Each structure stands twice: as C-alpha cells, then as structure tokens.
Amino acid sequence: MKRILVFRHDKIGDFVLLWPALSLLKNALPDASIEVFVAPVLKSFALACPYIDNVIVDTGDDAAIRKEIAQRKYDAALVSLSQFRIYKIIRNLPIPYVLAPKHNWYQYFYKHRTDAQYKVGEGCWRGGCMLVEHFLTEHKLDIPALPEQYWDVSAERDHWQLYYGKQADEKLIFVHPGTGGSSGSLTPDDFVNLLTQVNHASIHKCRFVLTYSGDEIVLAQAIFDKLTQANINVEMATPLKDLTDFAKSIVAADMFMAGSTGPLHIAGLHNVPTVGFYAGRSSQPKVRWQTLSQSHKRLAFTPPEGKKTGRNMSLIDFDATAKSIAEFLNTYYKV
C-alpha cells in the first residue's frame, strides 16, 4: 500500500491518543504515506507527529474535501472518527478498502467493520490500536510493538528548560489549572494548598510553571499570586505562538500536573511523569483517560465516586495526594 488516510477527532486529547495507533501503522508500513484528516487547529501539530506524512484539513467544505481525497488516490481509509458526515464524504470514492468501528447505526454502510471498543481496565487509546490491528491482520501484516515513548524531542530539552528559566538543581513542575471538560478542575486554593505541601515535602528544589490558554489565565494568575505571597518558586509560563511549540516545550518538564486531559496527554507523549485529577465516576476516568507515559510514571487522583461527590474535586484528600507526589519526586529523582 502506498497511501492510507485516517480520520480523527478535532479535540487535542483525542488526537494525541491516536498516536499509538499511528505508530503501529507507520512501523508496519514504513514506506506508505500515512495521512490524517484533522481540524485546522491541529494541522501543524499533526505534521510534527513522526508517524504522519501528510494532513488533510477539515475546512468544513465537504465537497472540496471529497474532491481532495479522491485526487490523492488512497489505498485504504481507517475511520477512527465515526460520524455520519465522514461516511457521506467518502461514500462511493475509489478507495479499495475502508474500515470503520462498530459504532452507531451507520456502521452498516461500511463493508469492513471491527470492534474497536477498549475493554474495562484499558485506556481509551486502545480503541485506535484495535482498529489498526484489525486492518494489519486482514492484510497479513505483523503488528509491531508499541514504543516506550511516542515523541522524542529530547534534543530540545535544554532549549526549553532554558526558556522556562530552570536552574541547575531545580525540578520543573508544570501545572495546568484549567480543564477541557473531560474531567474536573481544582480550585485555585486547592492548587495552592497542594503545591505548597509538595514544595515543603520534596527533598528537591521545585520550580512550578503555570501553563494556561485563553481564559485559564485567570486561574493561573490567582494561583501565582498566592504562591508568590507564600515565597514559593513559581512562574507564569510565557505563552507560545502555537500548539506545536507548546507541545514540544513540555519536554522540559520533570512532572506535569493537570485536570485537563489534553495537556496531560501531550505530556504523556514525552513519557514525562504525569499527575492527573479526574472525576470520580464508575467509568473509571483515571484508567480510561490514562496518559501515554509508562505506568510507573502515572499518578491519578479522584474524589469519592458518586453522583453527588464525583465532580466535587475539593473532596480529594490533598494531604495524602501531596505526600504521594512528593514521595514520587523524592524516589524517582534521587539526589
């Protein structure tokens, strides 16, 4: 096969969680052009992905998109993003093989379908892998092993640590106080309490970097002001020009803390230790939305499960949480 198209969500976190599947596809077919259909905001980030060779941007003009797809003469299309609109775009196009997940009633319009529902106890990134694994198996191709790290920009680590002002003996702890909606968010006071305790309990000198976008600057500023008053080493991150630069810059972090799954998942691409705050639900968000960092580099905390308690992030035991985070820093980064 020479050219394969993959359809994916326009959300940052969902796109990042497709990287394991894309790595399988590219490593199984290294000479093929692996191409993705993404929202405009993700174009440069997608082109930075080492497993992607070309991008088709969702301009909203379905007729023009359909024409562009037809002109590129794909050998196969994998519908990771299952929407009726996607079916209408690729319907009757000369693509020899189209594979879709068994989602929604319009799955039956596709000749090739597969179960891409990740199992209980698995991260949702497994769904994309299941789609690609079915594709590879049907074409009698070996399924490659997944890498321990999905994005290696370690050569830029010194540059970005200098950008964030790291001193030689400090640990850079990135903190993103906002939320994309998939999980909960801590209040500024809870973040201040948590970070203050981590700072005091860790044997390392910590430098907290508050990242944010848009209206999240209000949360970040409130946390910054209170930590500064408490003489904690903290800074507001200088905004970068685009998502790709921000994503690369996270390689500077020694730890990334957030309730927002998008930035957490980007940190996971670098195999950075992550601390996630998730709602307490029976669907086990801390498993479902687990980052792509190795399992021993993932910490996750939730309030008590339940309709009345699950979204109340203030019910997290912050004393125990701070202790766990400090113990991780002390153990993982031994002096």
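Student: How many salt bridges does a search of the whole structure find?
Tutor: The search finds 13, and bear in mind that the model is predicted.

Student: What lets side chains pair like that?
Tutor: Opposite charges can pair when the charged atoms come close.

Student: OK, Arg126. Which residue does Arg126 meet at 3.0 Å, N to O?
Tutor: That is Glu133, through a side-chain salt bridge. Arg126 also forms a salt bridge with Glu122. There the closest N and O atoms are 3.8 Å apart.

Student: Is Arg126 buried or exposed?
Tutor: Arg126 counts as buried, because its relative accessibility is 18% and the cut-off for buried is under 20%.

Student: And what about Glu122?
Tutor: Glu122 is partly exposed, with a relative accessible area of 25%.

Student: New topic. What does Asp169 pair with?
Tutor: The side chain of Asp169 meets that of Lys205 in a salt bridge, 3.0 Å from N to O. Asp169 sits in the loop between helix H7 (157-163) and strand E7 (170-176), while Lys205 is in strand E8 (residues 205-210), so the pair ties together parts 36 residues apart in sequence.

Student: How accessible are Asp169 and Lys205?
Tutor: Asp169 is partly exposed at 43% relative accessibility. Lys205 is at 52%, and the cut-off for exposed is over 50%, so Lys205 counts as exposed.

Student: Last one. Which residues are linked in a network of salt bridges?
Tutor: Arg3, Glu35 and Arg72 are linked in one.

Definitions and conventions:
Residues numbered from 1 in each chain as written. Predicted model: local features only at pLDDT ≥ 70, side-chain atom pairs only at ≥ 80, totals over all residues. Heavy atoms only, no water. Salt bridge = Lys/Arg side-chain N within 4 Å of Asp/Glu carboxyl O. Buried < 20%, exposed > 50% of the residue type's maximum accessible area, 1.4 Å probe, protein only. Helix = DSSP H or I, 4+ residues; strand = E, 2+ residues; numbered from the N terminus.
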